[in-house]
Amino acid sequence: TEVSLRASTIFFALVVLAGCTSRAPQEHAAGRRVNTPLLQGDRDLIAITALAQVGKPYRYGGNGPEAFDCSGLVRYAYRAGGADTPRTTAELFQRGQAIDLAEAQPADLLFYRLDASRDTPSHVVFYLGNNEGIHAPSSGAQIRAVRIDIPYFTQRFAGARRLLQ
C-alpha cells in the first residue's frame, strides 16, 4: 500500500507536469486561432493523445472523440497540443515540411496512396516512432497501432511531413 501510494503520487505528478508542457494557442484580435510552432512537450502530448484513441471505432468524417477517420484523428490529437490542422488528408499533405521517412519523429505524419489511380494520398498515419504508427483504417474497424514497415504500407507510401518544429 505504501508502494501503491507512492506510485499514485508519481503518476499524479507526471500528469500535472505533462499539463504544464502544453501551451494555449495564440489568438488574433478577432479571436481566431493562429497556427504557431509547437514545443517538444506539445509533440509528446499530441502523440499521447493519438495513442489514447486506440480501440475507438472508425467513422467516415469522424472528428472524435467517439469515432474518427484518419484525418479526423490527426486533427483531434493536434488540437490537444494547441495546433489547428486542416481537416482532409489532401490538405494535410500540402502542409508542413516534407521529410524522409528515416527522419520521422513521433507526431509526424505519413501519407499513403490506397488507390493507385489517384495522384494524391488518401490515407494518413500518425507516426509514433520505431516503425509504428496509429491509424483509423476503414469502416467496421477500430483505431489501432500498426507496423509501417510491412508490405501493405511500404508499397503505398507517398511521403512524410512534419507539421511541428
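A salt bridge is a side-chain nitrogen of Lys or Arg within 4 Å of a carboxyl oxygen of Asp or Glu. The structure is a predicted model, and its protein chain has 165 residues, of which 38% count as buried. The mean pLDDT of the chain is 80, but over residues 1–41 the pLDDT is below 50.

**Confidence of the model**

- In the protein chain, 75% of the residues reach a pLDDT of 70 or more.
- Strand 2 has the highest mean pLDDT among the elements, at 97, whereas helix 1 (residues 2–21) has the lowest, at 34.
- The stretch of residues 1–41, where the pLDDT is below 50, has 32 contacts in the model beyond near neighbours in sequence.
- Where pLDDT is low, the predicted coordinates should not be read in detail.

**Overall architecture**

- The protein chain contains 5 helices and 6 strands.
- Read from the N terminus, the order of these elements is α-α-α-α-β-β-β-β-β-α-β.
- Among contacts with a separation of 6 or more, 51% join residues 24 or more positions apart.
- The chain exposes about 9,400 Å², and carbon and sulfur atoms supply 54% of that area.

**Nonpolar cores**

- The largest nonpolar core has 23 residues, and the members that touch the most others are Ile-46, Val-74, Tyr-78, Leu-109, Phe-111, Val-124 and Phe-126.
- Two or more residues of this core come from each of helix 2 (40–51), helix 3 (70–80), helix 4 (89–93), strand 2 (109–112) and strand 3 (123–129).
- Helix 3 supplies the largest share of the core, namely 5 residues.
- A second, separate core comprises 10 residues, including Ile-99, Tyr-112, Tyr-127 and Ala-160.

- Helix 3 is largely enclosed by the rest of the structure, because 8 of its 11 residues are buried.
- The buried residues of helix 3 are Cys-70, Ser-71, Gly-72, Leu-73, Val-74, Arg-75, Ala-77 and Tyr-78.
- Ser-71, which lies in helix 3, has a relative accessibility of 4%, so this residue counts as buried.
- Apart from neighbours within four places in sequence, Ser-71 is in contact with Arg-87, Thr-88, Thr-89, Leu-92 and Val-124.
- Gly-82 follows helix 3 and has a positive phi, near 90°.

**Salt bridges**

- A search of the whole structure finds 7 salt bridges.
- Side chains of opposite charge can pair when their charged atoms come close.
- Arg-147 forms a salt bridge with Glu-132, in which the closest N and O atoms are 3.7 Å apart.
- This pair links distant parts of the chain, with Arg-147 in strand 5 and Glu-132 in strand 4 (residues 132–135), 15 residues apart.
- Asp-149 has a relative accessible area of 37% and is partly exposed.
- Arg-79 and Asp-84 meet through their side chains in a salt bridge of 3.3 Å, N to O.
- Arg-43, Asp-108 and Arg-162 are linked in a network of salt bridges.

**Nonpolar surface patch**

- Leu-114, Ile-150 and Tyr-152 form a nonpolar patch on the surface, and together they have about 250 Å² of accessible area.
- Ile-150 is located in the loop between strand 5 (144–147) and helix 5 (151–154).
- Ile-150 has a relative accessibility of 36% and therefore counts as partly exposed.
- Membership of such a patch requires over 30% relative accessible area and no salt bridge.

Note on methods
Residues are numbered from 1 along each chain as its sequence is written. Side-chain values use heavy atoms; hydrogens and water are left out. Patches are made of residues with over 30% relative accessible area and no salt bridge: like charges are joined within 9 Å, nonpolar side chains (Val, Leu, Ile, Met, Phe, Trp, Tyr) within 5 Å. Accessible areas come from the Shrake-Rupley method with a 1.4 Å probe; for residues, only the protein chains shown count as cover. Helices (H or I, at least four residues) and strands (E, at least two) are DSSP runs, numbered from the N terminus. Buried means under 20% relative accessible area, exposed over 50%, partly exposed in between (1.4 Å probe, protein chains only). Contact means heavy atoms within 4.5 Å. A nonpolar core is a set of buried Ala, Val, Leu, Ile, Met, Phe, Trp, Tyr and Cys residues joined through side-chain atoms within 4.5 Å. pLDDT is the predictor's confidence in each residue, from 0 to 100.
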